[in-house]
Amino acid sequence: MRRALLPAALAVVLANLTGCRGGGEEYVPLHHPFRGATLAVDADSPAAHWRDDHDARWLDPVADTPQARWLTGPADLADLRPYLDAARDRRALPVVVIYHVPNRDCAGPDAGAADAGAYGRFIERTVAVLGDSRAAVVLEPDAVADECFDDDRAALLADATRRLSDAGQHVYLDAGNSRWRSPEEMAGRLRRAGVARAEGFAVNVANRQSTADSHRWGLRLSKLVGDREMVIDTSRNGLPAPPDDQWCNPPRQALGQPPTTRPGLPRVAALLWIKSPGESDGPCGRGEPAPGVFWPAQARTLIANSPRLPAAARRAADRAAVPVR
């Protein structure tokens, strides 16, 4: 058993000895896109639409807060340009999540792009739609940390990172969360996935680990990948993480710290709401909405439980009548 672990341990040591290199490539200089930036508010988000359609002002703490725009396939590109134009009009920085890698979530050939060629074309189209807008791009949540990460996926991500970075976009490769992989293992994976060409990495996307734990873990990781900066998702970490890593619509959760480009934490570029608060994680065996569907009952829970919101806002959400499913 011990001998079987030796190659993996040796790989970690060799990866660390490369220091400031990623796959033999020097790390590019950081651009720090969040410094002094105003984050874009998405007036076209599902939460904003539901609030306006139902006169639900109790949803303001979610609908009026900056959060990322997700691209889960080619169809989502049609609505990206208006979001970018609105951000430009307000001189705000848009945050975009690309989530279309083949075999996404290790769910098989029907999840994400059909193959490497289709993914490359999707990235090419995304670059074209982004155009001369400059966005912070969170690249492929879970793709590097997942069990099905391999050399083929690493090459796809490295190519996507290169294309986006060469086009002037600011890429943050997703690094999973602090309870998933060790910093040493994640560093090796990120280097293979092209982090040397990225602005940094994202931590805690769609998860509920505390900001403090995420930061501690991210600092260790940053030291292993050329001191890259991190962004931390605080959209749903306002309460302690659920026991036993219960990730799918846990009954107790809350909005975390509001997004800020002045986090005051070493090597943290920004705290962001990357996962859109109120979106379902999936049916979870209890009949909840499909993944990514806005679910007002969950949004109500997140607001009502948030220790950071005024008591009046929490009471308004708690009293709101919303569909259970």
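This is a predicted model: local features need pLDDT of at least 70, side-chain atom pairs count only at pLDDT 80 or more; totals for chains, interfaces and linings use all residues.
User: How many aromatic pairs does the structure hold?

Analyst: General idea: rings of Phe, Tyr and Trp (its six-membered ring) pair if their centres lie within 6.5 Å; planes under 30 degrees apart are stacked, over 60 edge-to-face, and the rest tilted. Here there are three aromatic pairs. One of them joins F34 and Y172, a tilted pair with 5.7 Å centre to centre and 55 degrees between the planes.

User: Where in the chain do F34 and Y172 sit?

Analyst: Helices (H or I, at least four residues) and strands (E, at least two) are DSSP runs, numbered from the N terminus. F34 lies in the loop between strand 2 (25-26) and helix 2 (46-54), and Y172 in strand 6 (residues 170-174), so this pair links distant parts of the chain, 138 residues apart.

User: Are F34 and Y172 buried or exposed?

Analyst: Buried means under 20% relative accessible area, exposed over 50%, and partly exposed in between (1.4 Å probe, protein chains only). Both F34 and Y172 are buried.

User: Why is the pair of W70 and Y99 called edge-to-face?

Analyst: Their ring centres are 5.3 Å apart and the planes sit at 85 degrees, so edge-to-face is the label. This pair also links distant parts of the chain: W70 is in strand 3 (residues 69-71), and Y99 is in the loop between strand 4 (95-98) and helix 5 (116-130), 29 residues apart. W70 counts as buried because its relative accessibility is 17%, and Y99 counts as buried at 15%.

User: On to helices. How do helix 9 and helix 10 run relative to each other?

Analyst: Axes are lines fitted to C-alpha atoms, for helices over the stretch in contact, with angles from 0 to 180 degrees between N-to-C directions. Angles under 35 degrees are roughly parallel, over 145 roughly antiparallel, 65 to 115 roughly perpendicular, and the rest oblique. The axes of helix 9 (residues 296-304) and helix 10 (residues 311-319) come within 8 Å and cross at roughly 150 degrees, so the two helices are roughly antiparallel.

User: Which residues meet there?

Analyst: Contact means heavy atoms within 4.5 Å. R300, I303 and A304 in helix 9 meet A313, R314, A317 and D318 in helix 10. Helix 9 is mostly covered, with seven of its nine residues buried. Q298 in helix 9 is buried at 3% relative accessible area.

User: And how do helix 5 and helix 6 run relative to each other?

Analyst: The axes of helix 5 and helix 6 (residues 151-166) come within 10 Å and cross at roughly 15 degrees, so these helices are roughly parallel. Among the residues that meet are Y119 and I123 in helix 5, with L157 and A160 in helix 6.

Terms used
Residues are numbered from 1 along each chain as its sequence is written. Side-chain values use heavy atoms; hydrogens and water are left out.
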